[in-house]
Amino acid sequence: MIDQTAIHHRALPLENALQHHLRLDAVEAATTPAFAFTLRFAAGEHVPEHEHGRAQLLHPITGVVIVSTQMGRWMVPPDHALWIPAGVRHSVDMIGEVEMQSVYVQSDAMPGLPVHLHVTGLTPLMRSLSEEVVRQGPDNDEPRSRLIQALLLHEIPRLPERPLGLPLPAHPGLARLCRSFISAPSARLEIDEWAARTGMSRRTFTRVFRQETGLSLSAWRQQACVMAALPRLTAGDAVTVVALDLGYDSMPAFTTMFSRVMGAPPKAYLTNQKAA
């Protein structure tokens, strides 16, 4: 069974909570199109629900973060980022010790910025631009800083979207089933069982689930399993162990599923992320 203790909530220490509120104030007071912080959190820390007047590009350098909203949960491993539009209320949970960069962007800074919450890959150029914006500090309006910020803004729409979101249905019965599954994901999930538990026919359940989440139950299950597997694989757990814990009959079966979702088998995917 997958160990879920890594995502149990642990409140921010008082000093970190104060810094969090100061950062929120700084986000609202900033005048430049983009600025960034580097943040550090202990394993298991929880940032309570909040929102920003700016869009946020959240990028873990180390560790994995889980971002939760009313719409679902999004997992962000290293070398990925999460684009959070302005005004979206969200909380953040840390898996392992986390060092994270957050870039805050004026939503109207340029046409073409994304308007939906999603996980992206992180290009080497964006990584370098984010680091430089952190070094500049907030409200740096020098010509060179403006050019770097402008390039960062143009790079954001080019970031490749990654399927690491797990939308939650609004239907109460479906939502309960989904939340229960997320706490203990498994390859063994039957449509007929879930349909019976919600009092629907198989056909009605399939239609409603896709309407509510935008995904088939099979695709949703696979993404939930990848979200459970990636933190463990990133931490160095063996692929075979993770596959068996998730209920897959063999490593090849798990590898096939992982490749379908992520575009590469686990070992190749992790190697490519380290080399990026």
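Mentor: Two remarks on the source come before we start. This is a predicted model, where local features need pLDDT of at least 70, side-chain atom pairs count only at pLDDT 80 or more, and totals for chains, interfaces and linings use all residues. Residues are numbered from 1 along each chain as its sequence is written, and side-chain values use heavy atoms, with hydrogens and water left out.

Trainee: At roughly what angle do the axes of helix α4 and helix α7 cross?

Mentor: Helices here are DSSP runs (H or I, at least four residues), and strands are too (E, at least two), numbered from the N terminus. Helix α4 covers residues 172-183 and helix α7 covers residues 217-234. Axes are lines fitted to C-alpha atoms, for helices over the stretch in contact, and angles run from 0 to 180 degrees between N-to-C directions. The two axes come within 10 Å and cross at roughly 35°.

Trainee: Which residues of α7 meet α4, and how do the contact residues divide by class?

Mentor: Contact means heavy atoms within 4.5 Å. From α4 come Cys 178, Phe 181 and Ile 182, and they meet Trp 220, Arg 221 and Ala 224 in α7. For the classes, Ala, Val, Leu, Ile, Met, Phe, Trp, Tyr, Cys and Pro count as nonpolar, Asp, Glu, Lys and Arg as charged, and the others, Gly among them, as polar. The contact of α4 with α7 then divides into five nonpolar, no polar and one charged.

Trainee: Is Ser 91 buried or exposed?

Mentor: Ser 91 sits in strand β7, residues 90-105. Leaving out residues up to four places away in sequence, Ser 91 touches His 46, Val 47, Pro 48, Glu 49, Ile 66, Val 67 and Ser 68. The cut-offs are under 20% relative accessible area for buried, over 50% for exposed, and partly exposed in between (1.4 Å probe, protein chains only). The relative accessible area of Ser 91 is 11%, so Ser 91 is buried.

Trainee: Why does Met 110 count as buried?

Mentor: Met 110 lies in the loop between β7 and β8. Not counting residues up to four places away in sequence, Met 110 touches Leu 153 and His 154. Met 110 counts as buried because its relative accessibility is 15%.

Trainee: How far apart are the C-alpha atoms of Met 110 and Pro 33?

Mentor: Along the chain, Met 110 and Pro 33 are 77 residues apart.

Trainee: What is phi of Asp 79 near?

Mentor: Asp 79 is in the loop between β5 (72-76) and β6 (80-84). Most residues other than glycine have a negative phi. Asp 79 is not glycine, yet its phi is positive, near 65°.

Trainee: Which strand gives the largest share of the lining of the second largest pocket?

Mentor: The lining has 17 residues, and Trp 74, Leu 117, Glu 161, Gly 165 and Pro 167 lie nearest the centre of the pocket. Strands β8 (118-121), β9 (161-162) and β10 (165-167) each supply at least two lining residues. By class, the lining has nine nonpolar, six polar and two charged residues. The largest share is three residues, and it comes from β10.

Conventions:
On a 1 Å grid over the protein atoms alone, a cavity is a set of points where a 1.4 Å probe fits but cannot get out, and a pocket is an open set with protein on both sides within 12 Å along at least five of seven lines; lining residues have an atom within 4 Å of a point.
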